[in-house]
Amino acid sequence: MRLLILLVGVPALLIVGWNVFVQPSYEHRFRITLAVATPDGVKEGSSVWSVTCSEPLPGGLSTMTGGCSTVGEAVFVDLGQGRNLVGLMALGPRGERVNVYDLAARAFDYADVPRNKDGIPRFSWYSYAPHWQGSRRLSGNNIPTLISFADLKDPASARVVEPTQAGVASVLGADYRLEHITLEMVPAGIWPLNLVRLSGVPVTIEIQSRIPALKAGERPAVIALRAAIPSTNAFVHAESSFSQGLRKWELR
């Protein structure tokens with residue numbers, strides 16, 4: 001028993017010490033919610049994403065260390081009557097931005113981070129993000145790229161949905177309207193308990209059960225994005241547009 005404690009406890013203490021004293025890391029979580037007005041009322045879907053950022057090491061290693069990683073999956077909204085809307089882990093009307101780690105920072109306009117005279121943040125926002133609270137509406141290029149599947153079992157049936165009334169109506173119908181898209185900060189929990197979903201608000205894991213097309217054949221995500229957004233190279237990051245940082249055994 002003593003040996004077991006040493007084998008488990010010592011590495012854990014080393015990891016904690018490294019993350020606290022040598023290379024601090026900070027986690028924040030937020031819930032992305034899509035709300036759509038339908039003939040049967042407003043339908044919503046949401047997904048919780050986790051972002052962990054670490055500061056770069058000092059000295060010559062600063063350019064090779066630090067950065068952020070995101071864990072989460074796309075937002076799925078069941079609109080009824082065979083219709084659906086998916087908010088990808090990509091931003092802009094046609095997946096122009098695939099790095100979503102700073103979405104909360106931009107939504108909260110780098111709240112509380114000291115700025116220079118030009119209004120530009122003077123310091124890293126990583127340590128401030130875990131303290132942000134409340135929600136913000138997303139707009140412009142902060143809106144997740146929206147697509148819809150005519151057939152949830154067929155990845156080639158995906159179509160991009162422009163985040164405008166005309167765009168939504170052209171794909172979903174005139175009786176459908178995008179109400180709002182929000183980002184809400186949620187508790188990240190206590191490490192390492194939040195890694196096993198025992199603390200904090202868990203990261204959402206359900207996209208493959210909601211969209212069977214993502215389990216159809218080879219590279220279905222690529223097929224879906226090529227069909228939805230053929231005029232761009234969004235398909236290059238297809239898999240990460242539907243989920244990021246999740247282990248294969250977690251996907252369901």
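Predicted model: local features only at pLDDT ≥ 70, side-chain atom pairs only at ≥ 80, totals over all residues.
**A walk from strand S9**

Residues are numbered from 1 along each chain as its sequence is written, and side-chain values use heavy atoms, leaving out hydrogens and water.

Now show S6 with S9 (residues 177-186): three antiparallel bridges hold the pairing. (Strands are DSSP runs of E, at least two residues, numbered from the N terminus; two of them pair if DSSP finds at least two bridges between them.)

Zoom out to the open six-stranded sheet, which runs S6-S9-S1-S2-S3-S10 with antiparallel pairing. S6 (135-137) and S10 (243-244) sit at the edges with a single partner strand each, so one side of each has no neighbour in the sheet.

Next, pick Glu184 and Arg31, whose side chains form a salt bridge at 3.1 Å, N to O (a side-chain nitrogen of Lys or Arg within 4 Å of a carboxyl oxygen of Asp or Glu). Glu184 is in S9 and Arg31 in S1 (residues 25-38), so the pair ties together parts 153 residues apart in sequence.

Last stop: select Arg97, Asp102 and Arg106, linked in a salt-bridge network. Between Arg97 and Asp102, the closest N and O atoms are 3.6 Å apart. Asp102 is buried, at 9% relative accessible area (buried means under 20%, exposed over 50%, partly exposed in between, with a 1.4 Å probe and protein chains only), while Arg97 is partly exposed at 28%.

Notes
Helix = DSSP H or I, 4+ residues; strand = E, 2+ residues; numbered from the N terminus.
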